[in-house]
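Me: Hello! I have just opened this structure and would like a friendly walk through it, one question at a time.

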Amino acid sequence: MYLLWHYMPLFDHVSAATGIGNDVLFAYFVIEATREGVESELMQKAFNPGGVKHRGRYGAVYAYDDCYRNGKPVPCAFENPGTFDNAVKLWAEVFNAPRYKDCKSLSAKETCKCLYENGYHGANNHKSRARLAGDYHKYKEEN
């Protein structure tokens, strides 16, 4: 739960900018920006909390993910926001894309499903994300 405590300001700012609940943001952060309970190399190097691929907004940083060339894995280009403020702006821009406008006033479970169905990351793991959002609620209620 260190991640929850440490990154709560990030979740608060992105939530205020997007209308997406902290529970959902925490769940997406855990899957996109951590590995085995610690920040991923991409998060450490670039402060990219959502695993946002390079779109030309900030400089690029390279890390392995789901990019292939000739059937072999190659590093993907990701955005390198580098600062807290830029990370908030970058992640908020993603969640504020028009295709996600109907995903914001739903339960955590339905928000995760809606984001998936509208193209937020290709992996069909919205149920895992919803479980993590539930864990967030459980922890907040107990503490």
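**Inside the model**

Me: Which residues touch the most other members of the largest nonpolar core?
Reply: Keep in mind that this is a predicted model. The largest nonpolar core has 38 residues. Those that touch the most other members are Phe-11, Phe-29, Trp-91 and Phe-95.

Me: And which helix gives the largest share of this core?
Reply: Several helices take part: helix 1 (2–18), helix 2 (22–33), helix 4 (84–95), helix 5 (108–117) and helix 6 (126–142) each supply at least two residues. The largest share is 8 residues, and the helix they come from is helix 2.

Me: Let me zoom in on Phe-29. Which residues does Phe-29 touch, not counting those up to four places away in sequence?
Reply: Phe-29 is one of the core residues that touch the most other members. Leaving out residues up to four places away in sequence, the residues touched by Phe-29 are Leu-3, Tyr-7, Leu-10, Phe-11, Thr-34, Met-43, Pro-49 and Trp-91.

Me: How many residues are in the other core, which lies apart from the largest one?
Reply: Among the members of this other core are Ala-46, Val-61, Ala-63 and Phe-78. Its residue count is 6.

Me: Why does the salt bridge of Lys-53 and Asp-65 tie together separate parts of the chain?
Reply: The side chains of Lys-53 and Asp-65 meet at 3.5 Å, N to O. Lys-53 lies in the loop between helix 3 and strand 3 (59–69), whereas Asp-65 lies in strand 3, so the pair joins parts whose separation in sequence is 12 residues.

Me: Which residues are linked with Lys-53 in a network of salt bridges?
Reply: Lys-53 is partly exposed, with a relative accessible area of 30%. Asp-65, its partner in a salt bridge, is partly exposed too, at 43%. The residues linked with Lys-53 in the network are Asp-65 and Asp-66.

Me: How many residues apart in sequence are the parts tied together by Arg-57 and Glu-93?
Reply: The side chains of Arg-57 and Glu-93 meet in a salt bridge of 2.8 Å, N to O. Arg-57 sits in the loop between helix 3 and strand 3, and Glu-93 sits in helix 4, so the parts they tie together have a separation in sequence of 36 residues.

**Rings**

Me: What kind of pair do the rings of Tyr-28 and Tyr-120 form?
Reply: The ring centres of Tyr-28 and Tyr-120 are 5.0 Å apart. Their planes stand at 80 degrees, and the cut-off is over 60, so the pair is edge-to-face.

Me: Where does Tyr-120 lie?
Reply: Tyr-28 and Tyr-120 are both buried. They are 92 residues apart, with Tyr-28 in helix 2 and Tyr-120 in the loop between helix 5 and helix 6.

Me: Which residue lies over the face of Tyr-28?
Reply: The distance from the ring centre of Tyr-28 is 4.3 Å. The residue lying over this face is Arg-129.

**The strands**

Me: How many bridges join strand 3 to strand 4?
Reply: Strand 4 covers residues 72–80, and the two strands run antiparallel. Across from Lys-72 in strand 4 stands Arg-69. The number of bridges that join strand 3 to strand 4 is 8.

Me: Which residue takes a positive phi in the hairpin of strand 3 and strand 4?
Reply: The hairpin has 2 residues between the strands. The positive phi is near 55 degrees, and the residue that takes it is Asn-70.

Notes:
Residues numbered from 1 in each chain as written. Predicted model: local features only at pLDDT ≥ 70, side-chain atom pairs only at ≥ 80, totals over all residues. Heavy atoms only, no water. Core = buried A, V, L, I, M, F, W, Y, C linked by side-chain atoms within 4.5 Å. Buried < 20%, exposed > 50% of the residue type's maximum accessible area, 1.4 Å probe, protein only. Helix = DSSP H or I, 4+ residues; strand = E, 2+ residues; numbered from the N terminus. Contact = heavy atoms within 4.5 Å. Salt bridge = Lys/Arg side-chain N within 4 Å of Asp/Glu carboxyl O. Phe/Tyr/Trp six-rings, centres within 6.5 Å; stacked < 30°, edge-to-face > 60°. Lys NZ or Arg CZ within 6 Å of the ring centre and 35° of its normal. Pairing = 2+ DSSP bridges.
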